[in-house]
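Morning, everyone. Let me put the model up, and then we'll go through its contacts.

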Amino acid sequence: MGNSVDIIFKIAGVGILVAVLNSILKAAGKEEQGHLVTLAGLAIVFIWVVQLLASLFDQVKSVFKLF
Amino acid sequence: MEVMQIVAFGLIATVLIVVVKSQRPELGVLLSVAAGVILFLLVLDKIGSIMDVIKELTDRAGISMIYLGTILKIIGIAYIAEFGAQICRDAGEGAVATKIEFAAKIMIMVLAVPIVVAVLQLLLMLVP
């Protein structure tokens with residue numbers, strides 16, 4: 001349970017951090033780097049979510065005998 | 001009281017999704033995917049124990065395991081497809097969601113064909 005709540009907070013943290021960094025970079029006139037920061041955050045979160053989805057599919061497969 | 005945990009988890013996830021979505025919509029979608037997966041994983045163990053009971057009852061009633069297996073597979077496909085389609089619809093992609101549901105219906109049809117054939121063969125045996 002604690003582990004699963006952790007990942008939600010991690011994702012929300014990355015989201016807020018990316019938003020703040022984006023607005024700072026935009027204010028400093030570095031729009032391209034802002035886009036890169038957004039992309040990096042998206043990739044990191046995507047890796048976590050894909051691992052989570054893989055574990056969900058594995059468990060559903062074993063419970064419902066889908067092979 | 002596991003219900004309290006689940007409800008609290010859902011509320012926390014909702015607040016975080018609302019906060020993140022206003023700034024970064026794409027991360028909001030991923031956050032809601034993660035929340036959905038975790039909520040389902042929390043109840044999947046319980047579903048497994050219910051399935052064990054149903055299997056034991058089927059054994060005791062002397063019904064062939066082929067039919068129960070097919071029904072379980074259909075339930076699994078329906079759940080996974082519904083999960084994916086709801087996430088797509090939440091993100092505003094209704095077209096993709098409809099196609100996922102269509103594909104799942106085809107898969108379920110493929111699984112159900114042997115049962116339909118068995119029923120038809122039984123009927124043919126009854127008709128002289």
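The centres of domain 1 of chain B and domain 2 of chain B, taken over C-alpha atoms, are 29 Å apart. Domain 1 covers 1-42 and domain 2 covers 49-128, with bounds from an automatic or database domain assignment. Their contact (heavy atoms within 4.5 Å) uses 5 residues from domain 1 and 4 residues from domain 2.

A word on the source. This is a predicted model: local features need pLDDT of at least 70, side-chain atom pairs count only at pLDDT 80 or more, and totals for chains, interfaces and linings use all residues. Residues are numbered from 1 along each chain as written, chains are lettered from A in the order written, and side-chain values use heavy atoms, without hydrogens or water.

Back to the domains. They bury about 430 Å² between them, 84% of it on carbon and sulfur atoms; that is accessible area (1.4 Å probe) lost on being put together, summed over both parts. On the domain 1 side, B:Val29, B:Val33 and B:Phe40 lose the most area, together 66% of what that side buries.

Now the chains. Here 34 residues of chain B contact 30 residues of chain A. Chain B and chain A bury about 2,900 Å², with 86% on carbon and sulfur atoms. In chain B, the most area is lost by B:Arg24, B:Leu27 and B:Leu30, together 19% of that side's share.

How many salt bridges are there between chain B and chain A? The count is 0, taking a side-chain nitrogen of Lys or Arg within 4 Å of a carboxyl oxygen of Asp or Glu.

Definitions and conventions: Buried area = accessible area lost by both parts, 1.4 Å probe.
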